[in-house]
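I opened this notebook page to record what I looked up in one structure. The entries follow in the order of the look-ups.

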Amino acid sequence: MDLAAALFIFAGSVLALTAALGIVRFPDTLTRMHAAAKPQALGLVLSCVGAAIRLRHSIDLGMLVLIALFALLTSPVLAHLIGRLAYRELLEDQAALQARQKL
């Protein structure tokens, strides 16, 4: 069971690392928002699963479930709000957005 917990925590850490690298490497707000929202939420859930496997019958399992649910519920909303703000405040290259919409 400890190996499974370590694998889940490692996988969650790798996803969090890819989210951080995506934020640094991607050129504009919309792609950065995508890189920050999706792998970060899944990485946190995988880390919580690994911690739950390691804790097994602890009272803290309920708190881990609440943390995972909160992350899954708020991450898409936050990404949507950031994208909408960037679009409204014209922080994005409007010509690139028009070209994307024609596809």
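I worked from a predicted model, in which local features need pLDDT of at least 70, side-chain atom pairs count only at pLDDT 80 or more, and totals for chains, interfaces and linings use all residues. Residues are numbered from 1 along each chain as its sequence is written, and side-chain values use heavy atoms, without hydrogens and water.

Entry: the pocket. I classed the lining of the largest pocket and found seven nonpolar, four polar and one charged residues. Ala, Val, Leu, Ile, Met, Phe, Trp, Tyr, Cys and Pro count as nonpolar, Asp, Glu, Lys and Arg as charged, and the others, Gly among them, as polar. The lining residues include R32, M33, Q40, S75 and I82.

Entry: the helix pair. I noted that the axes of helix 2 and helix 3 come within 9 Å and cross at roughly 180 degrees. Helix 2 is therefore roughly antiparallel to helix 3 (angles over 145 degrees count as such; axes are lines fitted to C-alpha atoms over the stretch in contact, with angles from 0 to 180 degrees between N-to-C directions; helices are DSSP runs, H or I, of at least four residues).

Entry: the annotation. I read in the unreviewed UniProt entry that "transmembrane region" covers residues 6-24 and 61-82; such annotations may be inferred rather than shown by experiment. Residues 61-82 are 100% helix, with end C-alpha atoms 31 Å apart.

Notes: On a 1 Å grid over the protein atoms alone, a cavity is a set of points where a 1.4 Å probe fits but cannot get out, and a pocket is an open set with protein on both sides within 12 Å along at least five of seven lines; lining residues have an atom within 4 Å of a point. Helices (H or I, at least four residues) and strands (E, at least two) are DSSP runs, numbered from the N terminus. Angles under 35 degrees count as roughly parallel, over 145 as roughly antiparallel, 65 to 115 as roughly perpendicular and the rest as oblique.
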